[in-house]
Amino acid sequence: MHSVNLVFIRGDTAIVELANIKALDGSDYVLSDTDKVLLDIKKSEYSEDVLIHKEITKSDYQSDGGLIIKFYPDETHLLEKGEYLYDIKLYIDAYNIFTIVPISKIVVVNSITEITE
């Protein structure tokens, strides 16, 4: 079973905040210019279809050392009400790939208020 740790409201902006990434020695890891933090959302862990893909780089660091992953309304609108899975990996190079958030669940819920422009 995967625990629910994110809830997205369909069509809203959603923000995922990652605390400091830790190096193997326990110290704070700071991304190099070529490192990437990757997040994929899929319907199941066996699915080949990536519904949303995010790549975060060093330029996305916040002043407190955390990382913000932002999902825009046009992205969350693509997800129907229901459950999805995601994980987050740190890609340093082809020989150094680390899962920093194991497979976890996102629940997408509908909203009542509709925005019309």
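Biologist: Which residues is I52 in contact with, leaving aside its neighbours within four places in sequence?
Modeller: I52 is in contact with L39, D40, I41, F71, E75 and L79. Contact here means heavy atoms within 4.5 Å. This is a predicted model, so local features need pLDDT of at least 70, side-chain atom pairs count only at pLDDT 80 or more, and totals for chains, interfaces and linings use all residues. Residues are numbered from 1 along each chain as its sequence is written, and side-chain values use heavy atoms, with hydrogens and water left out.

Biologist: Where is I52, and is it buried or exposed?
Modeller: I52 is in strand β6, and it is buried, with a relative accessible area of 4%. Buried means under 20% relative accessible area, exposed over 50%, and partly exposed in between, using a 1.4 Å probe and protein chains only. Strands (E, at least two residues) and helices (H or I, at least four) are DSSP runs, numbered from the N terminus.

Biologist: What does the side chain of E75 make a polar contact with?
Modeller: The side chain of K54, at 2.9 Å. The E75 side chain also reaches the backbone nitrogen of Y72 at 2.7 Å. A polar contact is a pair of N or O atoms within 3.5 Å; within protein, one must be able to donate a hydrogen and the other to accept it, and residues adjacent in sequence count only if both atoms are side-chain atoms.

Biologist: Why does E75 count as buried?
Modeller: Because its relative accessible area is 17%, and the cut-off for buried is under 20%.

Biologist: Back to K54. Which ring does K54 lie over?
Modeller: K54 lies over the face of F71, at 5.3 Å from the ring centre. K43 lies over the face of Y84, at 4.3 Å from the ring centre. A charge sits over a ring if NZ of Lys or CZ of Arg is within 6 Å of the ring centre and within 35 degrees of the ring normal.

Biologist: Changing topic: how many aromatic pairs does a search of the whole structure find?
Modeller: One. The rings of F8 and F71 have their centres 5.0 Å apart and their planes at 50 degrees, so the pair is tilted. Rings of Phe, Tyr and Trp (its six-membered ring) pair if their centres lie within 6.5 Å; planes under 30 degrees apart count as stacked, over 60 as edge-to-face and the rest as tilted.

Biologist: Where do F8 and F71 sit in the chain?
Modeller: F8 is in strand β1 (residues 4-9) and F71 in strand β7 (residues 67-71), so the pair links distant parts of the chain, 63 residues apart. F8 counts as buried at 3% relative accessibility, and F71 counts as buried at 0%.

Biologist: Which residues touch the most other members of the largest nonpolar core?
Modeller: F8, V37, I41 and F71, out of 24 residues in that core. The elements giving it two or more residues are β1, β2 (14-18), β5 (36-42), β6 (52-56), β7, β8 (82-93) and β9. The largest share, four residues, comes from β8. A nonpolar core is a set of buried Ala, Val, Leu, Ile, Met, Phe, Trp, Tyr and Cys residues joined through side-chain atoms within 4.5 Å.

Biologist: What about D28?
Modeller: D28 is found in strand β4, residues 28-29, and counts as partly exposed at 43% relative accessibility. Its side chain makes a polar contact with the side chain of K22, at 2.5 Å.

Biologist: Last one: what is the mean pLDDT?
Modeller: It is 88, and 93% of the residues reach 70 or more. pLDDT is the predictor's confidence in each residue, from 0 to 100.
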